[in-house]
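Reader: Could you walk me through this model?

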Amino acid sequence: MDPVLTPAGVRALDARLEGAGLLELAMEAAGRAVADTVQAAYPAGRVLLLAGSGANGADAYVAARHLHALGREVEVRALGVRHPLARKNRLRLRAAGVQTTPLGTSPAGLAALRRSLGAADVVVDGLLGTGFRPPLRPALAGVVAAMNAAGRPVIAVDLPSGLDAGTAEVNGDPVRADLTVALCGWKTALLFGPAAHLAGQVRLDGLRLPPGWALEGADAGAPADAEVAALLPVRAADAHKGTAGRVWIVGGHPGTVGAPALAGVGALRTGAGLVTVHSAAEVPLVMPELMVRRHADLAGFLDHVAPEDRPDAVALGMGLGPDAPALARQVLAWEIPTVLDADALQPELAGAGHGGCVWTPHPGEAARLLGAPTPEVARDPIAAARALQVRYGGVVVLKGGPSVVASAGGVQVARPGHPGMASAGMGDTLSGVIAALLGQGLGAAGAALAGVTLHARAGQLAGAAHGYGLSATDVGAQLGAAWLDLTGRR
Ligand SMILES: NC(=O)C1=CN([C@@H]2O[C@H](COP(=O)(O)OP(=O)(O)OC[C@H]3O[C@@H](n4cnc5c(N)ncnc54)[C@H](OP(=O)(O)O)[C@@H]3O)[C@@H](O)[C@H]2O)[C@@H](O)CC1
Ligand SMILES: Nc1ncnc2c1ncn2[C@@H]1O[C@H](COP(=O)(O)OP(=O)(O)O)[C@@H](O)[C@H]1O
């Protein structure tokens, strides 16, 4: 599990590393990782490294030393040093034979910088990392503008300078990186929204930490594929449809009858043994394996389901219309594993969740549930998911690219899917996927995390064939392959 760290989490980790005498080693590993990335991605040509005065700059000095040792032509332009390890690593760099040039911010200094940028084949941005507090001071804004105008490939150390690590929002005009080497953990800015677009391709590297060190102070965890795969059920050879999970989909309303059908496909393709769609509307039979039942009085039907006839899991709300909250209350009273989606995501259900339920809002629905503007949700999806979980109970999946799963046990950020998934019906499929996993015995948090991961993987597989023409049906068709892929059996 990789940690997702806030700036405060980084400071706490810093203090811990320093206390253990490991900070210098962490910096050495960080700089080396940056140098290796430069070498792998841009193996030839002149490297310009820009070093700030804090530890981010120190990492750049270390990277310069390693690149020099690899035989690369390096130029280092640096601000004054404030951090003791920046001073130490600058001395080491000089001792290794590389002189540094002051990074001036006056018109003459910027002109010199532009000449250096013009002569560089790749630029390393080690100006500002997690110690940056917005807004960017005007003196450095000129430096960043020159970097962006130069059009050279940029590799950022930890995060692009001018990005506030703790938010997905972009203020001002930060460095636009092609690659970012994240150190010791992910940051919100590297994962979500417009901030993440500025980081380019992100790879996590640096010092291997003792287990739990970074996670202890982390805002969230980002699980590896193997950790998610371990959650998936393994079916006995003599399993039958009655033991593989009986799932009900409750949704559909005139005009939105496709939504429950897509959820049904999602459930079938995620291994549910028996899937029945219950609707007040006429739902199309998109797969003959689905059972579809139309009810003139859906509430009355739910009222009269005997406990022994209830399914193993329910997904409710997809295209269900205005009666969704009342119907949700009926099903929640059964206290069986339940996914609540779309029309069931209403503020009046605050506090109605139980330990077996999963709420699956997208940012707009999350904003409605929190009574907050959507940009506030988008700014910090981890905080929003956590707030939703506290208010609604159970487990919350805040959907997006990537999705966040919040439970009483903590918050996890799943792997992202494919941008082609930004199309109608994708969330409906996901609700069926999660319900199928609940029906196969996973707990709510496990089903939510495994569900969004399978769904995202299926999106990637289908996206490779369909690009932006991706449809929820295409994603549904790849769910089985995604399962095999995630478990390494493909
Ligand atoms: N444990 C880990 O994860 C490890 C982390 N490591 C590294 O440490 C980095 C964090 O280092 P850090 O804390 O020294 O801060 P950093 O990002 O260099 O910035 C500080 C400088 O920014 C300046 N500054 C601030 N705001 C500004 C503004 N608005 N506009 C302009 N300037 C502004 C501020 O200036 P001052 O206020 O001092 O004048 C100060 O000089 C992290 O990103 C990673 O690279 C690795 O070494 C390995 C282990
Ligand atoms: N750009 C993207 N990258 C990755 N996944 C995405 C992206 N856009 C949307 N998704 C995924 O697609 C689904 C969209 O859900 P939702 O908006 O509820 O769709 P609908 O209501 O039309 O069914 C979510 O699971 C989300 O994670």
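Reader: Happy to look at it with you! Which helix supplies the largest share of the shell around ligand 2?

Author: First, a word on the ground rules: this is a predicted model, where local features need pLDDT of at least 70, side-chain atom pairs count only at pLDDT 80 or more, and totals for chains, interfaces and linings use all residues. Residues are numbered from 1 along each chain as its sequence is written, while chains are lettered from A and ligands numbered from 1 in the order in which they are written. Helices (DSSP runs of H or I, at least four residues) are numbered from the N terminus, and H17 (426–439) and H18 (444–466) each give at least two residues to this shell. The largest share, four residues, comes from H17.

Reader: Which residues come nearest to ligand 2?

Author: There are 20 residues around ligand 2, a residue being near if its C-beta atom, placed from the backbone, lies within 6 Å. Those that come nearest are Gly401, Gly417, Met421, Met426 and Gly427.

Reader: How far apart are the end C-alpha atoms of helix H4?

Author: H4 covers residues 84–95, twelve in number. The expected span is 1.5 Å times one less than the number of residues, so H4 should span 16 Å. The model agrees, with its end C-alpha atoms apart by 17 Å.

Reader: Nice! And which residues of H4 are exposed on the face turned away from its buried side?

Author: Buried means 20 or more other C-beta atoms within 10 Å of a residue's own, and exposed means 12 or fewer, with C-beta atoms placed from the backbone. The buried residues of H4 are Leu85, Ala86, Asn89, Arg90 and Leu93. The face turned away from them carries the exposed Pro84, Leu91 and Ala95.
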